[in-house]
Amino acid sequence: MVIRIPKRFFDLISPLYDFIIRDDPTKSIVESLNLTGQERVLEIGAGTGRSIASIIALARRVWLLDPSQPMLQQAIQKFPTAKPVLGYAENLPFKDGIHFDRVIAIDSLHHWDNQLEGLREVERVLEPKKGFSVIVEFDPSRALGHYIKSMEKFFWMGSKFFTPKEMRRLHRKANLHILRQAFVDNGTYLTISKKK
């Protein structure tokens, strides 16, 4: 039996989450999505919608996936046009043939129970020709990433962090072709990929 500590943790802190975590995606993350207003966007680990605030007006339609119902309820109160989806990255509740132009995961992949299975699901739901994913994570080999990793370990969150090199390896195993990888600040990097 899998113990999903992150879900319970986020259920508990959901009323305070937006007060604790106040940063929005950086301009470079938003620009990396290259949105024209026509895209179908899926955010995995959407939480209270913090990351989508700068993105929702730039997309045609947005789906917010999260395993925490209290977090999703807050997101939908803020962004009623978004479609809430209760679920996990490793088992996306979308039938084969349903595709998204962009799949994003900002500061969430390290919470997934199985990162490889989650990325395989990302690959499955990506639009075959023009779709791509943007995964934003902390690098545990840098000071900020090491600090975040230590804090989440302290709270028994079961998080698993990957260096950029490890992330590239993980994407290749999931049959994703990396288009670009770059740091967006001192400890956070993005990985952009598409179907092979």
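**Sheet and core chat**

User: How many bridges join S1 to S4?
Analyst: Three, and S1 and S4 run parallel. Strands here are DSSP runs of E, at least two residues, and helices are runs of H or I, at least four, numbered from the N terminus.

User: What sort of model is this?
Analyst: A predicted model: local features need pLDDT of at least 70, side-chain atom pairs count only at pLDDT 80 or more, and totals for chains, interfaces and linings use all residues. Residues are numbered from 1 along each chain as its sequence is written, and side-chain values use heavy atoms, with hydrogens and water left out.

User: Back to the strands: what's the order in the sheet?
Analyst: S3-S2-S1-S4-S5-S7-S6, an open sheet of seven strands with mixed pairing (two strands pair if DSSP finds at least two bridges between them). Strand S3 (83-86) and strand S6 (176-183) are the edges, each pairing on one side only.

User: What stands opposite Leu42?
Analyst: Val103 in S4.

User: OK, the largest nonpolar core: which residues touch the most other members?
Analyst: Leu42, Ile44, Phe94, Val103, Trp112 and Leu119, out of 25 residues. A nonpolar core is a set of buried Ala, Val, Leu, Ile, Met, Phe, Trp, Tyr and Cys residues joined through side-chain atoms within 4.5 Å; buried means under 20% relative accessible area (1.4 Å probe, protein chains only).

User: Which element gives the largest share of this core?
Analyst: H5, with four residues.

User: And what is Leu119 in contact with, leaving aside neighbours within four places in sequence?
Analyst: Leu109, Trp112, Ile135, Leu170, His171, Ala174 and Leu176, where contact means heavy atoms within 4.5 Å.

Terms used: Buried means under 20% relative accessible area, exposed over 50%, partly exposed in between (1.4 Å probe, protein chains only).
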